Amino acid sequence: MTKNTFIPAWYKIDSEMRRWSLTNLSPEQHEDDETDNQRWTAVWFHDESTFYAHNCCKMCWVLRDAKALPQQKGEGPSLMVANFISADYGWLCSCDGKESTWVLFRVGKGHDGYFTNDEILEQTKKAMTILEEDCPDEDHVFVFDNATTHLKCADDALSAHCMPKSCHPWGVEINVKDVEGKLVYGAHGKPMKQKIPMGNGTFADGSPHKFCHPPGHKDAGFFKGMATILTEQGFDTLGLKAQCHNSKAFDCVTCRKLV
């Protein structure tokens, strides 16, 4: 992934980024740049750090017969900090210092909940707003690591995983959130779930392909199933299984593979 995606993308913008040196604290002009008004590209790295109340290591001299003092069990309450940083500007904030992408998050269902993809999106949107207002003459690239909160797709994104083969009242399971966007927990202490329809696909000509039966159909609102979807796309699904249970059978053709 790094070799085929990240490195080529980095080299593509390398000539547009500022270069700094220990002896020259102003951006150096690239050798292949013949103009003085180059449009720069600033790269912003995103990361999070979590700090725990009892996460410490004490080293000291004690008497031989001294007794150990009781210590708090567990790591204790945590506080997460998330922000963007760039070699060109430092921490991401507005020119007047009134706006910042710095986030302090108290993790836990009894506090701010959990830092999910939704919080990442809100933080990134705020970063874009600040940069559009203060640095409109530059291009900006945001770099995230491959943590699961950074890889999430849209709730109704197309995916063959768990799709039923036949018509079924099936939907994508997502977390229930309140009006403030926070997770709603049930009596068992776990996030509550709800099901929503999966997004529609497209035909070869670009026209929309609805995956649920339309109003007026005897199964209105139900998921059509992989077999019907593939048939509408022109595939012959006669005799095809939903999935192959033999993980080593690479030549096994199933509905899930075709979808």
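Modeller: Leaving aside residues up to four places away in sequence, Leu230 touches Phe235, Thr237, Cys255, Leu258 and Val259, where contact means heavy atoms within 4.5 Å. This is a predicted model, in which local features need pLDDT of at least 70 and side-chain atom pairs count only at pLDDT 80 or more, while totals for chains, interfaces and linings use all residues. Residues are numbered from 1 along each chain as its sequence is written, and side-chain values use heavy atoms, with hydrogens and water left out.

Leu230 belongs to the largest nonpolar core, a group of 12 residues that also includes Met163, Trp170, Phe211, Phe223 and Cys255. Such a core is a set of buried Ala, Val, Leu, Ile, Met, Phe, Trp, Tyr and Cys residues joined through side-chain atoms within 4.5 Å, and buried means under 20% relative accessible area with a 1.4 Å probe, protein chains only. Strand E6 (172-175) and helix H4 are the elements that give two or more residues to this core, and H4 gives the most, with three residues; helices (H or I, at least four residues) and strands (E, at least two) are DSSP runs numbered from the N terminus. In soluble globular proteins, nonpolar side chains tend to be buried together.

Because Phe84 lies in strand E2 (residues 78-86) and Phe142 in strand E5 (residues 139-143), the pair ties together parts that are 58 residues apart in sequence.

Back in the largest core, which includes Phe211 and Phe223, the rings of Phe211 and Phe223 have their centres 6.4 Å apart and their planes at 90 degrees, so this pair too is edge-to-face. Phe211 and Phe223 both lie in the loop between strand E9 (208-209) and helix H4 (226-232), so the pair ties together parts that are 12 residues apart in sequence. Both Phe211 and Phe223 are buried. The structure holds seven aromatic pairs, and Phe6, Trp10 and Phe45 form one aromatic cluster.

How values were computed:
Phe/Tyr/Trp six-rings, centres within 6.5 Å; stacked < 30°, edge-to-face > 60°. Buried < 20%, exposed > 50% of the residue type's maximum accessible area, 1.4 Å probe, protein only.
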